[in-house]
Every structure is written in C-alpha cells, then in structure tokens.
Amino acid sequence: MDTSEEFSFENADPFARFIRHRLNWSPLKYGIAILITNIMVNGYFALRYRAFVTQTGPPGLFQDPTILFESYVMMPVVGGFYIWSILRIGALLHQLHRSNIFVEETGLEKLALVVKQRIQSRAALIVSFIIASIATFLTLGKYLGWFRGPEAVSFLSYSNILPWVRSPLWFLSMYAICFGLFNIGVTIITLRRVFRDHAIRISPWHPDRCGGLKSISQYSMMLGYAIAVLGIFLSIQTIQEIQSGVFQTSYLTWFGLAGYIILAPLVFFLPLGTAHTAMRNAKTTHLLALSHQFDAQYELIVDSLQDEDSDIGSNAEMIEQLQTLYKITEDFIIWPFDVVNLRRFLTITLAPLLPGVASVLFELIRIFLVE
C-alpha cells in the first residue's frame, strides 16, 4: 500500500487548502505569518497613538500582558496547530502502519477511505464558521461596550478602530481552534476503530517504553503543549482582570477556565485510551494462553503420580517456567505511555493555570474577609 497517498487527508476547509497548496506553507510558516501580522498591526497603532508605554489612561502595548501573549504567542501557536492537526492524522496512521504492531493489516485501505470521507465533513466547516463568528462578536462587544458590565481596560481601548482591525485575527484563531478540535476528534475515533478492528502484538520491552506505540504518546504530548498555551493565556487574562476589578463579570474568562480544566486531561487520555483496550486485551490473551498451558502440564503431573515409574521432573520444570512467564506477562504495560510522559504532561498543562487559579482563590478570600 502506498501510504504516502492512502494516508493523506484534507478538511472541507478552503482556507487550509489555500495555506497548504496555494501558499505552500508549513505549520511553522503559517504561525510565523500570524506573528508578523500581529507585530505590524499592533506596532502601527501603538506608534500612531504613541501607546507603547503610557503613564495615564489605558495601558500601552508593552504594559498589556494579555494582548502581548495573545498576539505573539497564542495566535501563532494556534495557527500552527490548526495546520498541524490535519497533517498529523495521516502521519500518525503511517507510523502505526510501519511499526509492525498489527497482527494483520488488512482493512487499513478501507479505513483510510472512511477517514477521508469523515474528515471532509462540511458540517465541521459550517459549525466552525458559526462558533468563530459568535466568539468574535462577543469579543468585539467586550471591548466596544456592547454589553453591560465594567469597561475592558486594555491597549485596545485607545480607539474603537483597534478591536475592529483585530477582529479578523480573532475570527481566524477561533476558527482554527474549532477545526483543530474537530481533527483531534476524528483522529481519536480513527484510532479507536483501528485498535478495535485489528489485533496487536505486545512489545513490553520496546525501547520507546510505550509498547511500540510511542507515536500515540507523542501525539498526546503535542496536544498538551498546544493546550498549555491556552492555559497561560487564561491565567494572564484572569490575573489582569482581577487586578482591574472586572473578573466577577468576565463570563468569557469563566467559561474558558472551566473548559480548560475539562479539556486538558481529555486531550491526553482520549488518544491513549484508544490503544489501552487493545493492549489490555492482548495482555489478557497471553495470560489465558499461559494459564491453559499451566493447567495442561499440571494434569500431566497428576496423571503421572499414579504411575510409580514415571518421571515428573520435566513437567515440574515446565510449570516453573510457565509461572515465571506468567509473572513477566503480568507486568506488561497496558497504556502507551510511561510515568515520565504522564508527569511531563501534568506539569505542562497544570502549571500554566496555577497563577490564575491562585489569584482567584486569593480574591475569594479577600471578598470573604471583607464581608
């Protein structure tokens, strides 16, 4: 099977096709393009309003950590992740195909066709467009005062033009997040079907320490890095809103924090969980085979005891070997990751949120003590 062609997928996304095929940009190039665009847009308006650093009024560009992180870190990473998420589906299936972990690889061609049909869902395009439009409208309303509540204090407060100029970038970022989540969902469903329909070989002593499934562990880790960037942004925004006294009515931030707490563990364990059942079943199959061998050898020994001239030494030795093999098999891993990867993921995803959560707790304590 020509995996380079079979495992190549595209969304029903004209913007991604334009980036990948017309511009021929990689995820890195697209992220850099977003970074340069933000530098030019923010720099122009900061220069126009002399608002790099200010003493009075709204904070200058260099005094607004939320805008700085959003423009120069989060948006480029989200854009790169958007393109990476569609490219990675085919690369992941290709790696699994070459890993020789499947007992039989028949049916992968049909699965590739199913994935191609599923990944080209026009519903994903429509839903992503609608969600991105709503999120952009709510963000514009936050900075332009369309809704009740305290006025947002930001570099964007220097002019009503600034939020409008940045609105296309907000739209593209939310659009990218939606399509990225869709691609993650398709990848997880595909992996689940792969391991459901194909028996695997256990490789407990594989040098990748993931049973030969390091590609899935790496996929989850990359998702963890992308999620961590959102966590840092939420943490910075939370601290800034608490300091300016608007956090109590900042419902978008509340929604973002709640979503992050739910999403972060899922993006790690859902891809890994697709292989977990197959690895557990393979381990159980090995244990049952050893158990049957043990029973057969034990019955031979019992039968031999009735014959005074029989030699049971070889059978007893076989039972000891089976017991040793059984203990070794019991230690087979059933998750495609090790403790180091799990610790690293928890650090990557939880650490960015700790400053924001701590600020919220201190704010609640302050309110409680004042009352």
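Biologist: In which helix does Thr136 lie, and is Thr136 buried or exposed?

Modeller: The model is a predicted one. In it, Thr136 belongs to the run of residues 122-144, which is helix 6. Its relative accessible area is 9%, and buried means under 20%. Thr136 of helix 6 is therefore buried.

Biologist: Which residues is Thr136 in contact with, leaving aside its neighbours within four places in sequence?

Modeller: Contact requires heavy atoms within 4.5 Å. With neighbours within four places in sequence left aside, the partners of Thr136 are Ser167, Trp170 and Phe171.

Biologist: Helix 6 also has a part in the nonpolar patch. How many residues does helix 6 give to the patch?

Modeller: The patch covers about 980 Å² and includes Ile126, Phe129, Trp146 and Leu252 among its residues. Phe137, found in helix 6, is also one of its members. Helix 6 gives the most to this patch, namely 6 residues.

Biologist: Why does Phe137 count as partly exposed?

Modeller: Buried means under 20% and exposed over 50%, with partly exposed in between. Phe137 falls in between, so the class follows from its relative accessibility of 44%.

Biologist: Where is Trp25 found, and which residues is Trp25 in contact with beyond four places in sequence?

Modeller: Trp25 is found in the loop between helix 2 (14-22) and helix 3 (27-48). At 31% relative accessibility, the residue counts as partly exposed. Its C-alpha is 10.0 Å from that of Gly80, although the two are 55 residues apart in sequence. Leaving aside neighbours within four places, the contacts of Trp25 are Ile19, Arg20, Tyr30 and Ala33.

Biologist: What share of the contacts with a separation of 6 or more comes from residues 24 or more positions apart?

Modeller: The secondary structure of the protein chain comes to 12 helices and 0 strands. Of its 371 residues, 44% count as buried. Among contacts with a separation of 6 or more, the share from residues 24 or more positions apart is 81%.

Biologist: Which residue forms a salt bridge with Glu70?

Modeller: Side chains of opposite charge can pair when their charged atoms come close. The count comes to 1 salt bridge, and in the Glu70 pair the closest N and O atoms are 3.1 Å apart. The pair links distant parts of the chain, with Glu70 in helix 4 (residues 65-98) and its partner in helix 7 (residues 161-197), 96 residues apart. Both residues are buried, and the partner of Glu70 is Arg166.

Biologist: What is the geometry of the Tyr175 and Phe179 pair?

Modeller: Tyr175 and Phe179 both lie in helix 7, 4 residues apart, about one turn of the helix. Tyr175 is buried at 6% relative accessible area, and Phe179 is buried at 0%. Their ring centres are 5.3 Å apart and their planes are at 70 degrees, so the pair is edge-to-face.

Biologist: Which residues form the aromatic cluster that includes Tyr175 and Phe179?

Modeller: Tyr175 and Phe179 are two members of one aromatic cluster. The cluster is formed by Phe15, Tyr30, Tyr82, Phe129, Phe171, Tyr175, Phe179 and Phe182.

Notes. Residues numbered from 1 in each chain as written. Predicted model: local features only at pLDDT ≥ 70, side-chain atom pairs only at ≥ 80, totals over all residues. Heavy atoms only, no water. Helix = DSSP H or I, 4+ residues; strand = E, 2+ residues; numbered from the N terminus. Buried < 20%, exposed > 50% of the residue type's maximum accessible area, 1.4 Å probe, protein only. Patch = residues over 30% accessible without salt bridge, like charges linked within 9 Å, V, L, I, M, F, W, Y side chains within 5 Å. Areas by Shrake-Rupley, 256 points an atom, 1.4 Å probe, with all protein chains shown as cover. Salt bridge = Lys/Arg side-chain N within 4 Å of Asp/Glu carboxyl O. Phe/Tyr/Trp six-rings, centres within 6.5 Å; stacked < 30°, edge-to-face > 60°.
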